[in-house]
Every structure is written in structure tokens, then in C-alpha cells.
Amino acid sequence: MKMSKLFVQTLRENPSDAEVVSHKLLVRAGYIRKLTSGVYNYLPLMWRVLKKIENITREEMDRAGAQELLMPFVQPQELWEESGRWGVYGAELMRLKDRHDRGMCLGPTHEEVITSIARDGLKSYKQLPVNLYQIQSKFRDEIRPRFGLLRGREFIMKDAYSFATNEEDLMKEYQNMAQAYKRIFERCGLETKMVQSDSGAIGGKISHEFMVITDTDAGENDVFYCESCDYAANSNHAVSKLPEVQTDGGFTKKEVVDTPETHSIEALSKFLNIPSSVILKSVLYIADSKPVLALIRADRQVEETKLMNAVLANEIRIAAAGEIEEIMSNHGFNAVAGFIGPNGLGDIKIVADETVKDMKNFVVGINQTDKHLVGANLSDIPEIKEYCDIRLCEAGDFCPQCGKPLKVTRGIEVGNIFQLGTKYSEPMNAVYTDIDGKNKPFIMGCYGIGISRTAAAAVEAHHDEHGITWPVAIAPYHVVIVPVNINDETQMQVAQSMYESLLKEGIEVVLDDRDERAGVKFKDADLIGFPYRITVGKSIAEGLVEFKIRNLEETVKIEPAQAVELLVEKIKEII
RNA sequence: CGGGAUGUAGCGCAGCUUGGUAGCGCACCUCGCUUGGGACGAGGGGGUCGCACGUUCAAAUCGUGUCAUCCCGACCA
């Protein structure tokens, strides 16, 4: 490709709406343009990157025995009603009507459709197990799309679905996919961690996520991991052993005390001169529009996804200050945030964390502003029926497997695998006939990779102050040849002949034949992120060109023929 | 859901207070000059100033509404 013809426009300045580096660089280097909120045009350079990630994914999925197909992007409401998700998926599901006023939606994921395909096409146990996948655009109407391709509304995803007759085969395929994923991300030049996670709206029991580890906020997930063993989990699922802390408040008598203006745990613990670990914290949440009171030892925080799962809700958020006062007054109390407690709340569901179990002679709110009860014990809170884990882990907690301290890092979720079981096959009556002649529901698994997000995550992981430093396997082109002065005949001749030699070898090469100053070409080359650069300049007088690897400082002067040979050798070993 | 800010050329921004024929830098086109890390000079093209309604002789500028974008908060009791 000649640079003069390449459809690309680099920008000198960052777009004003971009926050994270992948978004900034992909726009500046001319890979993407926003069409509307959370929806992007993939320009030619981007499309090349995406196709490469797709192809690596495709090759590894095929190698793992999966079969590719393509399902429709638009789906009928009825199918979603069969699975029961039409009602529960929420506003993220982009719903529309056709001209006959029939309900449709844009596919955010394809469990319903694939299940309908399976129930029509897979009739016998002899056809199983099977794994079907597609690579396609998805649409999820996110509340707040941001971070460019990392959290768009429309994005490209590889989604695979496996069907089996029993748990062992599901487990086998699950492991098979985990291996395939590892290879896919490795080939893309990405370091990932496989972590345990909550299975969320997709449903199912066991699930893992593949995270690209990054220290920036672009990683929207916190990952807890152990360096001594293989434990790693998303914060929404991580468990830990707790360090010893004081859980006995030491109060010798139970009494209500004045605690003016202690709206926070910090203020309360300071006022009473006690550690926060002897305070029982009561946090009011709204789960599916119903109030839920979470109880936890106050040196700890509530993990909302765990709480949501504990009360079997689909949506959860902390109650606003006004809501708290309103709910309090509905129960005959006059209390503001900071002073609420579990007693006397009638029908409000109460969920107590396991950290509460060991507390003695502690401090707790009693739904009266500026007052707390000290010296309380669990017998004073008959409202607690059971304990469960709704606690957010912290770095320094101990590994649940080996007991060593856990570390925490940010991660970008680029892939996930779920064991669905019969979550979809049962309600949708997707059955096969088993060897005993009986109809049984498929045991399903599903496996996703965010193709466009993987590309963005690769930029997050591979860039410097000058631009993108793509891994060779997913770079839009492998090499750029820069003749410093296109009016110099020798330079142009050498550049042109190297260009042709590389093309003949199947190397993806761009010849920067623009009549620009060298600085412009170098800046663009760095920004776009060609992994290799050949500069044809002054040293051509000695018959040499410069060979430079994008993410290394030094350049090497070698003969053109050698440069071609070297490039072919280096690139062929990766692609 | 609450608060704040911003919508002016493809991108980044000024102009708005005090209403009077819309500007700058980058990018784009032409010519000259230059050619090893985003040169320079001259000339040129491109914008219903987010949208609607209103005030006014006159609105980018004032008012009301609306839409969009971005940030912060959502809060840990």
C-alpha cells in the first residue's frame, strides 16, 4: 500500500471527549471515528487490526473443534420471552418494533437464537457434543458508554455455545475453550489472567474471565490474585481469609449514647475512640426497587454484585440520602444516613455478612439521628436470620487457597467463559433424544471474546508517548518504508524495489511516498505503530538503509537485501 | 438518578459579559521555497454557530425549552 493512497488522517491533537489512551490514540492515528455515542466507524487501519484478531480467533476456535456460523443481528421478542429474559434484561436490550408492530431486539448476545437452532437441528445424543460460534456485531445500550472501543454500545464479539449431554462433556469443553482462549490472546501478543468471576446477566454457575492486566482506569475491573498459587478472581467474586482484628468492643454495658454529627464510620470511630472493626455498619440498598439492608463489620465494604446475588435481584444500587429518610419515616423512625440500624425495620430484607458473626459488645445504629447503641451483641439483633458473603476483598487479605497475602490490580475483561447448564435449554424446551430414548435438555456452555475490545486493550497494553506499539500479529501492516526525500531518485528506487520484494514475500508493507518532510513521516509511523520501519536516506550513498523496530530505540544500518531477508524472517515466525 | 460544564469548519479552540455581515491554529487546495523527528511564505475553499420557540429593526451573543456530549457524585452510614 502506498501511504499517499492509504485512507488515514492523523490528528495532532487528542479528541476532547477521549479519556483513556487507547481511545485517544486510535482516534489520533486515524483508526476510528465516532459516529454517535458508543458507536464507532472502523476505518481501514482498524478493520485490518480487527480482521487479524478475528482470524486468530477463528483459527484457534476451528482448531479446538468448534464450527463457525452466523446468526441474525435482529431477533424476535418471542424467543426472548421463551427464555424469560425479555422481562429481565433491562434497558440495555435495544428493543424495536417492525412495521407490523412486532417486538424485536438487536442482539446483545445470542443464547436464545443458538438454543432455537440447537433444538431444531440437534435431535440425537449421537450429534453431541458440539460447539458453534460466530463473529459478529453486538448491540448493548449501555447507560454510560465511554473509553472508546472499551465500552461501546456496538462492538464486535466472538460468541461460542457448546451443547453436551452431561456435565463431564461440558467440563471438558470448558477446559478446551480455556486453552483455546489462552492461545488466542497469546498469539495476539497479550498477557492475560484467567480469573474466577460472577456470571451476571448471562446466568449459569461457574464462569471465568480473561483479563488484560493494566494499571490504568481503563481496566474497569479489580482483580485479586495470589502470587504463590494460581488463585485469581474478579472483585465481584473474590473471597479471602481475613487478617485478625479486634472484634470485641469491650463495652461492659449495653446503652444508648449520644454520637452527634457522626455521619461516617470514620467520625463515629473517632468520636467513641474505638476501631471501626467493632462497629456494625448498616448500609441501605435498593434492589429491584425494594429496600435491602446490608450488615457488615464497618472496617469492611459491601460488594454489590455479591449482595445482588444474595437477594436474587437483577439491579442494585445504594439508597440515596432522601430515600433513606423516607424509608426510615415509613417505619416510624427519624434517622438520617449514619445512624440507621437493623432493628424495627419490619419487612425490609436484611442480609448480614459473615464478618458480623464474630462481633461482640459492638456499636450499632438504632435509627435515631445522633445516637448509637454501644455494647450490643448479636442476640440484640434477632432480625439476622443467616450469614452470607457480601464482602469486598482487600489487598492484603489472605488467599483462600494457600493463605498468602492477595494482591490487587486493574484488568480489562477481553474474554469470558460460562457453564450455563440448562439455564436456556430447559425453559426453551431445547432437548435431544438420549440413548435411553428419553428427551433431555442440552447441557450448555457459552464462551465470548470481545474482538473490538481486545484491539483497544492491546493499545492500552502496547503504547508509548509517540503512539501505538502493536504486537506484530495484530498490527494493521508489518512494515513502513520511509524514503526521506522522494525527489531523490536513488532513495526512491531503493525504497520501491524493497517494497516490491517485501510484497512478493507476502509481507504487509506501506511505502510512505508522500512529499512530506521526514519528521512528518516518522511521527505518523510512530503514531500508527508500524512494528518495523525501514528508512531510506543519506546512508544510501554507502548502500545502506536503516532498520528500526518500533519499540526499540536503536536503528541498525544494513543493506537493503539483508533488511528484506531479516524482515521476512522476523515476521514469518509470528504470522 | 442528582450536580456541574460544554455544544461555533474534519480536529483543537477563541468570540458571548456590553446583540450590529463569524475568527484563530491544525488539516485540505494552489504556487514558491524546503526535505533526517509534526518547516516557512503567499493565496484559497469549507461553518443554517446542536435544535426549537421567543425578545429585538437586528441573535453565535439575551430568555425559555429541548437534545447531545463530557466530568463529578451516586457512598459505605
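1. Arginine 533 places a polar side-chain atom 2.9 Å from a base oxygen of RNA strand B. A base oxygen of RNA strand B also lies 3.1 Å from a polar side-chain atom of arginine 28. For arginine 517, an N or O atom of the side chain is 3.1 Å from a sugar or linking oxygen of RNA strand B. A polar contact is a pair of N or O atoms within 3.5 Å; within protein, one must be able to donate a hydrogen and the other to accept it, and residues adjacent in sequence count only if both atoms are side-chain atoms.

2. The model is predicted: local features need pLDDT of at least 70 and side-chain atom pairs pLDDT 80 or more, while totals for chains, interfaces and linings use all residues. Residues are numbered from 1 along each chain as its sequence is written, chains are lettered from A and ligands numbered from 1 in the order written, and side-chain values use heavy atoms, without hydrogens and water.

3. Helices (H or I, at least four residues) and strands (E, at least two) are DSSP runs, numbered from the N terminus.

4. There are 51 residues around RNA strand B, and Arg12, Glu19, Ile265, Ile318 and Gly338 come nearest. A residue is near the strand if one of its heavy atoms lies within 4 Å of it. By class, this surface has 17 nonpolar, 15 polar and 19 charged residues. Here Ala, Val, Leu, Ile, Met, Phe, Trp, Tyr, Cys and Pro count as nonpolar, Asp, Glu, Lys and Arg as charged, and the others, Gly among them, as polar. Of the RNA strand B atoms within 4 Å of the protein, 54% belong to sugar or phosphate and the rest to bases.

5. Leucine 128 and proline 129 are joined by a cis peptide bond, with omega about 0°; proline 129 sits in the loop between helix H5 (111–121) and strand E7 (130–139). Phenylalanine 147, in the loop between E7 and strand E8 (154–164), has a positive phi near 65°. Most residues other than glycine have a negative phi, and most peptide bonds are trans.
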